[in-house]
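Notebook open. Today I look up salt bridges, pair by pair.

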Amino acid sequence: MENAAKTDRRNAEALTLDSEYRFDPATGLWALIVEGRADRPSNTERYRSAEGSDTGHEHDSSCPFCLGNELETPEAVAVAALKHDLGEKDEYEVDDFEIVTSSPDTDVEGREWLTRVFENKYPAFRMNRKEGDESTFTSVEKRFFDDELPNPSFFNSISGRGRHEVIVDSPRHVRGWGDLSPLEVKLTFRIFHSRLHALRATGCFAYSFVFKNTGVTAGASQRHLHCQLTGNIELPPTIRDELERLIRYEQTRLARGEQLSYWDALLDAELRAKERIVAVTDRFVVYCPYASRVPMQTEICPRFNDPFEDYDEAALDELALLARRAVIALEEVKRRHYPDEPDPLDYNVVLKNAPTLLEPDISEYRGLMRPRWLILPSIIKRGGFELGCCIDINPVSPETSARMLRDTFPLVK
Ligand SMILES: [Zn+2]
């Protein structure tokens, strides 16, 4: 009874926001308007010294993501927890844990967790449309430029629809992947896989992905490390544009009789050029892309073409360790080459995933978007040129960035 009361209180405290995507016909760009979301609680500034460096410790009794404070967040939908009946062990391995998903028969909250997932208390969107809203991104764009309609409205919006989850990578009050143990980061990637697999199985979402904001300048509102997952009902327009370019390339290469797909040809060219490569394993290539938008932009691209939702455990573990090593290498490069910047590094991580649902006429092209991981350090701020032209000025070439990372990467354990 007491638990039910607490749950009601938590839900009542959460913001109940409507969100809508609004269309700018001249630029073709969309904005997601979520009035009031900026009012959600933030504690990141509290852990910054006067110089901006991080001053936090491994536990904070007032942090909603720390162990013991689970009642401050919505109930878990999944946790990574120790398997039952393991007995005493000196050291646990990733296979000693299981991903437990919430169900009427499963008490997820009763399990001791290392990674925990729950619905975002302050979501950017929700599952339901506003009543009467039948529009989609493509129908709005088409309607505006339809010559059968003499007076199109300049004020076009659609409901922000989707699912928004928070993934807390560790019960410890640490700030980034560089602070995680290899075991913790492996569990984080296994839970990414489990959640994205579950969302794909619902058949509701066209595009789902995870991202991470670490530090104030990267947009984090909580110091305690966490990732976010969004399941988007419709394919976001920029992802559709990217897919359409890949379809154009695919059709051209088939007409030319070329053997390698876009990603295989790109990785082949990068491996031959060598100068932007940071590390290579049997399954993945870590590199700084040719047209990097920011200093030390780093990508992890698989050398195989499976959907992320179908990865096996060996691939997930290898990817997790590479991502952790890349972040530690980036933090070390920042320390060596940018000593005046606040410590440690702020950064974003984004999974550029493949769509999970497409219209029947293009569904055969789903696999053209190879799932890859972008790590974008927040070292420079966007200025007027970037905002005016949507082109980033990057003061450090990817060739220089890759050289600095290559010197550091092998030293990371
Ligand atoms: Zn915490």
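I started with E184 and R172, which form a salt bridge (a side-chain nitrogen of Lys or Arg within 4 Å of a carboxyl oxygen of Asp or Glu). Their closest N and O atoms are 2.7 Å apart. The pair links distant parts of the chain, 12 residues apart. I found E184 in helix α3 (residues 182-202) and R172 in the loop between β7 and α3. Helices (H or I, at least four residues) and strands (E, at least two) are DSSP runs, numbered from the N terminus.

I noted the source: this is a predicted model, where local features need pLDDT of at least 70, side-chain atom pairs count only at pLDDT 80 or more, and totals for chains, interfaces and linings use all residues. Residues are numbered from 1 along each chain as its sequence is written, and side-chain values use heavy atoms, with hydrogens and water left out.

Next I checked exposure. Buried means under 20% relative accessible area, exposed over 50%, partly exposed in between (1.4 Å probe, protein chains only). E184 is buried at 6%. R172 is partly exposed at 23%.

Then I looked up R163, which forms a salt bridge with E119 at 3.6 Å between the closest N and O atoms. R163 lies in strand β7 (residues 162-168) and E119 in strand β5 (residues 113-119), so the pair ties together parts 44 residues apart in sequence. R163 is buried at 17%, and E119 is partly exposed at 38%.

My last pair was D268 and R272, bridged at 3.2 Å, N to O. Both lie in helix α5 (residues 262-273), 4 residues apart, about one turn of the helix. D268 is partly exposed at 32%, while R272 is exposed at 60%.

I counted up: the structure holds 32 salt bridges.
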